[in-house]
Amino acid sequence: MTTPSDLPSVSVIIPTHNRSASLRRTLHALCMQTYPHALFEVLVVPDGCSDDTVNMLQAYSAPFALRVIVLAGHNQGPAAARNRGAASASGALLLFLDDDVEPKPPVIMAHVRAHAQQPCLVVMGPYVPVVQGRVSYLRRFMRTWWQDKFHPMRQPGYRFGYSDLLSGNVSLQAELFDRVGGFDPTFPCAHEDYELGVRLLKAGASFTLAPDALAAHYEHEHTDLNRTLQRQCLEGGADVRIGRRHPELTPTLPLSRLQEPRGGMQRIVNALACEHQGLGDRLAALCQRLLGPLEKMHCHGMWHWAYTGLGHYWYLRGVAEALGSRQALAAFLQADLHCLVPDGLAIEIDLAEGLEEAEARLDQERPYGARLYYRQHLVGHMPPRAGAERLRGAHLRPILATELAWSFLLALALEGTLDRSQPFTQGSLLLHERS
Amino acid sequence: MATVVLDIEFEQLPQEITGLDRYHQALILLRFRGRPVGQATVPVVHGRIAGAELREAVLESAGWSLWEAWLHDFLEWDKVRLANAVLPTATVAICTRDRPQDVRRCLEALMHLPDDGQELLVVDNCPSTEATRGIVETYPRVRYVREERPGLDVARNRALREASHEVVAFTDDDAAPDQGWLRALLRNFDDPCVLCVTGLTMPLELETDAQEWHERYSTFNRGFQRRVFDGTRHNPMAAGHIGAGVNMAIRRSVLDLLGPFDEALDAGTRTRSGGDSEMFSRILSAGYRIVYEPHALSWHRHRRTWRELRRMITGYGIGVYAAWTRSLLIEHETAMWRPAMSWLFCTQLPRLMRAIFWQPCGVTFDLTLAELRGCMTGPWAYLSARRQLQKRNI
């Protein structure tokens, strides 16, 4: 049990842009925190606000230290705002919250507890959309997206990657944040968090999800179809930046699909986004107008298809805008071939020595990848993956239970392990080859 | 001749099974360390099944789910997988109407569930005697609720409102859940998008022809592989293969999110069934998920007489089409046309044709005709049940 004197000081940093009412809700939620009010400060960074945000903040009486750092002039983006907040923060721990996120009372405490388990940790708290029940197709799509983002992270053997860093409810040591250089402010309002995730993983940080650091996300108040598609466009541009800065990640970015389009539709969308943008934009606008009637007619399948197609189009438009020409795109996609994660970084593990031993070895060596054997039989690979955390012992059983189940069973049968312990034989296993 | 239903553990396959003189075959549920992994049908010769034959049949039929179960056990996978899971607590609800003997068997089975703090609730629906109350009173852990308005969906809604826990696991009164039933259902509520979980239902007995035909014609068994149903990948209106109300658990929040069960559907009304599958459709079309979990095993006593069976099959036909009628009229779902048409023209009518040509007076013909009759009257039954409900509510 941690006593109050062991508890670290926390700086909560909230970048905001013209969302005064939403921000007020976040501040109210911070007033309800179970964490001692004397131990945390809140830094709000209004970024080019033209509404009453600054006045509201000046009039707000909070039970904790509330500091306001106004970024004047035009909107500089959340990355710059967060960096500015972090630069003025005095806490040992930085907790970044978005202005449309309402943290539940134990959030700060949950982040602090998670950090107490292990040093050099990046702790994510789930912030799931509040919209529930029967809502529009777009809301439903977003709700599932967020839930599916956080749910796998809670599974014990989940292998975290850079795109798991979501900046709406995340905490890390101030020292670590400074060491990796903070957010990259040149990013256009999208995926700046992913890019920070890349550098954090490279710096050896571990990611984790603290399920009790739960927050409610009022995304629906500020996001509509137009905004979602605009965001797709920004994400396209941001991904090009990520690829330029970390070329080894290019194959993991959705834009790498440009190289080998799957199906005729994708080919057409690619061509429209890269070469015939005038026509493409008109078709996209038409398609967007069709979404409403499709929803009215309850054609969910068609809506989903059209929506993902539109998203894909605008994403590629963003990519094409950032790269300029088709030649530049080809060069960009080629570049990654030279900087794949070398397979030589994988270690070899003999599972016949015992699962616990194998797990312990993974935990100790933290390799990029592993080749799994059972005596002389190859069971399979846990490949080195660009932009993902290094392997841990916890990653072993999930992959053996799912992807490698068949080859692992076969190896066990061929080595006679099954025969000794079980009433069935390798013959019966081969008989039932997985359909 | 009848079929004997056997429940056999793979690691304790008997050398020989004897004393089955009344039976001509055996339906065997195969388990691996308690988990259902497959089923096999084995002939009974002179009242016995030889060990070698049993073994062969079992290995033949078990397939991948047996291997998977073995491997998961070897890896202690369940323990690992659920290490961080936050599982909800449950209320087990039995909705019953004038079947005291069945309720007794069901409660007896529920007494064998490991105690994880679950609440047990019997909703006695419009009873004509006090017999059910009398039986429930002999079980001090079980709460008794009397619902005067008739209808299975009325009783289900009452159970959802009365329940004190987050998930309500429904079992019919004519079913007997297995020991691991509730835990297996609850495991799947780890995902917040999952609103409903259904389980595997096996026949409790196959003593009469009607029961054998029930199992053959309209089994509750949906296989031994876990499946996740999602509105984006499955047509929400084709909900029949997800499972049935006899063995399902639902998050109580559906009441607020999607509304209660439609009280114009299911047993006790003119529609006679369909309340469960209509709820499945609603859950899927709202973008939530349903999981079919074969480890959540329950045993169902099928109808014993032909009359009951035929009536039940007609009821299924009515219920399915009544539920689609509701989806069209109330939810304005147009996706119901495709399964409704394909079921009628690609399943029911060809089946009827085959029956006419091969066995004009046979059993399949009789049952198919009964079901088809139900399909035709389904939409009108729904409208009439709705009118009746409105009249009663005035």
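Tutor: A residue is called buried if 20 or more other C-beta atoms lie within 10 Å of its own, exposed if 12 or fewer do, and partly exposed in between, with C-beta atoms placed from the backbone. This is a predicted model, in which local features need pLDDT of at least 70, side-chain atom pairs count only at pLDDT 80 or more, and totals for chains, interfaces and linings use all residues. Residues are numbered from 1 along each chain as its sequence is written, while chains are lettered from A and ligands numbered from 1 in the order in which they are written. Helices (H or I, at least four residues) and strands (E, at least two) are DSSP runs, numbered from the N terminus.

The part to examine is helix 6 of chain B, residues 152–162, which is mostly covered, since nine of its 11 residues are buried. The buried residues are Leu152(B), Asp153(B), Val154(B), Ala155(B), Arg156(B), Asn157(B), Arg158(B), Ala159(B) and Leu160(B). They pack against strand 6 (90–96), strand 7 (119–125), strand 8 (142–147) and strand 9 (167–172), and also against helix 9 (254–258) and helix 10 (275–285), of chain B; a contact here requires two C-beta atoms, placed from the backbone, to lie within 7 Å.

Buried residues make up 41% of the 435 residues in chain A.
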